[in-house]
Structures are given as C-alpha cells and as structure tokens.
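Here is a report on how two chains meet. Keep the structure in view as you read.

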Amino acid sequence: MSAQADEGSPFSLLPEEGRQHFRLLELPPDLLELIVSEPSTSLHFKSGPKSSKAGLNSDAVICTPNKTYNIRQVNTSNSVYICQPTSHNDDDDDENPQPGLQAIAQSSWTLELSSTASPSAVPYLKAALPTYSSTGTYQSNELRASKQQIFDDTPLSQAECEAAWKDLACFEVESDPKGCFLPTASAKVQVWRAILESATAAGVDFGGNQLSLKQVEMVIDRSDEDWPDELGRAMLASVCDHEGMIDQGRGVRAVGLDLLAVEGTRGMHVSELLKKWKDALPEKWRAAAKVEALPRSEYTLSDDRKTITLAGVGSGVAAAAAESKSTLGAKRKWHERFRESKKTAK
Amino acid sequence: MPAIQLCPPAASRTSSGPNPLPQLLQTPSGLAIVEIQGTINSTLSAPQLGPDACIPLGKLSFPLYDASAPAQDTAWQKLVYLYVGRHQRLTGEVKRLAKPLAVVRKRETNVGSAHEGEGAEVMEIAEIIYYKVLFAHRPEPVGGGVEG
C-alpha cells in the first residue's frame with residue numbers, strides 16, 4: 001500500500017493554553033441506562049467532611065437519588081485526546097475548507113465507578129449532629145445546618161441519608177434552638193416509654209394490623225411532654241415502615257438497641273436486658289424480645305452468653321477490634337502479675 | 001461541602017461543523033476520543049502555528065471505510081492511519097469501549113444569574129462516547145510524497 005500522506009482528514013491539536021478541561025467518567029451499565037432513559041434523574045458529585053474517623057469516607061462519590069458510586073481515579077500513560085470536528089483551510093485554498101478533527105482537550109486519567117459495599121449514612125449523621133439528651137439538654141450547635149445541608153455534606157444518596165435519619169430518630173427544630181439534633185439512646189427510651197404509655201392508655205392496639213403513625217399521633221397526650229414535638233414524631237417514624245405504618249420488627253429492634261446503648265456499653269446481664277426490654281414494649285410485642293432480634297453487628301455476647309455488650313461504635317468491625325484489644329491488654333496484665341509474684345517469691 | 005449537580009447530555013446538542021469521521025464514531029455533539037500510546041511532542045513555536053492557532057499534526061484516515069457499505073461490515077475498523085507530518089504514520093484501530101465514557105465538563109454559567117447562590121458549580125455530561133480510535137503501535141516511517 002502506498003503512503004497516501006495526502007489522504008485523510010486534517011488532524012490538529014489545540015495548544016495547551018487553549019485547551020478545555022474535561023473529565024472522563026466510566027459509566028457502569030445501570031448508571032448508563034439511567035442517564036439515557038431517564039435524563040431528568042438528578043445526579044450529584046458529593047464528598048464527605050475531611051475526617052480520620054473510621055467508617056467515614058472523605059473521597060468523592062456520585063449519587064443518584066437512591067444509589068451511591070465510589071469514584072476511583074485511574075491514570076494512563078497514553079495520550080487520550082478529546083476531539084471535535086473543525087473546518088480547516090489549506091493554506092492556499094480558502095474556497096474549500098476541509099472538515100477535520102481537532103483535539104481540544106487531553107485527559108491522562110479516567111474516573112472509574114464502583115458500588116459502595118453496604119452504604120449507611122448512620123456514622124456520618126452521628127459525627128455531624130449535636131445530641132439532644134434525656135435531660136432536655138441540646139448540645140451546642142454553632143453551625144445550625146439544615147437537614148438538607150447535612151445531607152449535602154454526606155457522601156451518600158438522598159435516599160440513603162433519609163433512611164439513616166429515620167432510623168436514628170433525628171429531628172430538626174425551627175427555633176430556640178434552631179437546627180438538627182440526634183437524640184441520645186436515653187432520650188429515645190424516655191420518649192418511647194411516654195408514647196407507649198399514652199397510646200396504651202388511649203386504647204391503641206399495637207398487636208392489631210395496619211396501625212399508622214398518624215393514628216397513634218392523634219391519640220397521645222402531649223401535655224406532659226418536655227421534649228419537642230419533632231422528636232416525638234421522629235421517634236414514632238423510626239418504628240414505622242416506609243409507608244408510615246407501625247412495624248413491630250422495627251419497634252422491637254429499636255427499643256432493644258436503645259436499652260442496650262443506655263446500660264450495656266460495658267456489658268449487662270442478658271436477663272436484665274430482656275426484662276427491661278419486655279417492660280418497654282406493648283404486650284403483644286413482648287414475645288419477640290430476644291437477643292436474636294438485634295442486628296448481630298451491634299452487640300457481643302460473653303460469659304457463656306449471659307452478658308451482652310454494645311458493640312464499640314455500633315459497627316461489627318469496631319466490635320471485633322475492641323474485643324481483640326481487650327484480650328491483648330489482659331495478656332499483658334497477666335505477664336505483669338506473674339513478674340510481680342516472681343519478684344516477691346525471692 | 002455542597003453537592004455538585006451533574007447534568008445529562010443536552011438533548012439539543014449539535015456538532016459545530018461537518019464531521020469527517022465514519023458514522024459509527026459520530027456523536028450528536030461531534031466529540032470523539034483518539035488515544036495514542038506515547039506522547040506528541042511539538043517543536044512548533046507560536047508563530048509557526050496554523051491560521052487557527054492550532055498545531056497541525058497530520059491526517060487521520062480510514063482507508064477501508066465505505067460509507068455506503070452495510071453497517072455489519074466492520075472490517076474497516078481494524079485499520080486506521082494517522083499520518084504525522086510528512087514522514088511518519090501511526091497505525092491504529094477503532095475499539096468499542098467496555099464501559100462507555102461520559103465526557104464531563106463544568107457548565108458555563110451566566111455571571112448574572114445568582115439564583116442558585118454565588119457560583120453554584122454545575123457539571124454536565126457533554127457527550128457519551130461508545131467507541132474510540134486507539135493508536136497502540138510505534139510510528140513507522142513513510143516516504144513523503146514520492147509514491148502515489
């Protein structure tokens with residue numbers, strides 16, 4: 001084949017100063033499908049607050065309304081040019097501009113996307129929100145960020161943030177003080193007990209089917225409450241399913257975990273937990289109060305399953321680390337004790 | 001940190017001029033990707049730049065491409081030439097991307113519209129690219145204008 005250096009379309013490069021800035025982003029099949037078939041779906045680049053806390057990701061992510069993708073930057077040593085058509089004029093032929101291709105940008109890296117393993121916004125909300133305690137004390141909140149501002153600062157999708165907000169019974173107060181708060185476990189237990197007492201007194205049947213949040217809200221007596229309405233509502237919402245119906249499973253789990261968080265950070269007797277747990281539940285829910293009803297990652301059992309302890313920071317990984325850490329300490333102490341006795345033996 | 005919106009490709013996007021690429025590589029915005037193993041070094045200084053203030057590289061050609069042939073004929077994709085200057089030629093091929101690439105840029109916002117707050121940054125997908133032209137071989141010398 002003879003060299004046809006004159007054949008083909010002119011190819012040129014814009015000098016670096018004139019180049020545009022593009023990023024190349026790989027699209028996994030589900031995201032591609034979403035963009036092409038539902039272009040009005042909102043997509044956002046998000047990143048979390050800079051933090052060295054375990055479980056908090058400060059890298060950038062891309063979020064659809066309900067899914068989060070981690071972003072990984074992959075470099076290449078190749079020259080990747082982004083080109084567009086252009087009309088070239090041969091030096092002496094202004095009459096017939098030839099269509100050509102021009103490189104207007106160069107990218108030496110591509111962004112790859114991967115799905116997050118088991119995304120939860122819980123650690124981010126716990127790190128970001130000031131607490132409200134059972135004594136009615138609001139932790140100081142200089143930032144006064146709104147719920148949406150807090151979500152914007154969390155590297156997870158809106159749906160994932162909402163789910164964690166609901167699970168934690170977070171609430172937002174308009175004034176005095178203004179802002180978003182995370183109730184402590186004690187506060188939640190206190191509020192729940194009051195709601196239960198009031199609802200039961202009003203004849204609400206928790207064992208019946210299809211009991212809605214609204215139905216309960218309507219009958220409970222608020223006059224003795226020391227806490228904001230928003231917290232009461234958030235507490236009820238935390239035991240509801242996504243349709244606003246009271247869910248026994250969620251309720252049993254939430255009350256058990258909160259009781260464990262209040263009294264079990266250094267371990268408590270399982271029998272003690274079960275007793276308090278049943279006391280804090282509607283009669284028809286009590287049979288479901290069992291250790292097995294709690295998420296496995298939230299607790300550790302010891303002493304022949306007679307003692308239960310709240311997992312470190314509420315995550316299984318931290319619990320395992322805490323466990324091994326305490327064992328190490330025990331070993332060291334044993335050696336020290338042995339050394340001591342050896343000395344005195346002389 | 002504020003969330004930065006990423007807008008989908010504008011349905012109304014068009015290319016700025018006639019597209020010299022084969023149909024398969026053409027996109028609504030005209031954007032395309034050409035990848036070269038190695039780097040292009042230009043020894044041209046500013047006064048030597050072409051009339052559009054660009055660096056002319058050479059010619060891109062698809063010698064086996066026939067626009068009138070049926071789409072199932074894909075043999076042409078295996079041979080692409082990039083003539084660099086008058087004395088070198090790179091040989092490459094058209095490759096389908098395993099994962100399509102979104103070409104993302106910052107959207108130009110009107111300075112006047114402060115509706116979304118000062119400088120709310122918005123990114124947009126300028127195009128989704130499904131194929132690229134890849135030159136993975138070293139350049140070979142070609143005779144300059146002697147044959148043909």
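Two strands pair if DSSP finds at least two bridges between them. Strands (E, at least two residues) and helices (H or I, at least four) are DSSP runs, numbered from the N terminus. Strand 3 of chain A and strand 1 (residues 4-7) of chain B are joined by 3 bridges and run antiparallel. Here His44(A) stands opposite Gln5(B).

This is a predicted model, where local features need pLDDT of at least 70, side-chain atom pairs count only at pLDDT 80 or more, and totals for chains, interfaces and linings use all residues. Residues are numbered from 1 along each chain as its sequence is written, chains are lettered from A and ligands numbered from 1 in the order in which they are written, and side-chain values use heavy atoms, with hydrogens and water left out.

Contact means heavy atoms within 4.5 Å. Chain A brings 55 residues to the contact and chain B brings 59 residues. The two chains bury about 5100 Å² between them, 61% of it on carbon and sulfur atoms. Buried area is the accessible area (1.4 Å probe) lost when two parts are put together, summed over both.

Polar links come next. A polar contact is a pair of N or O atoms within 3.5 Å; within protein, one must be able to donate a hydrogen and the other to accept it, and residues adjacent in sequence count only if both atoms are side-chain atoms. A salt bridge puts a side-chain nitrogen of Lys or Arg within 4 Å of a carboxyl oxygen of Asp or Glu.

| Link between chains A and B | Count |
|---|---|
| Salt bridge | 1 salt bridge |
| Polar contact | 13 residue pairs (both at pLDDT 80 or more) |

Glu26(A) forms a salt bridge with Lys99(B), with the closest N and O atoms 3.9 Å apart.
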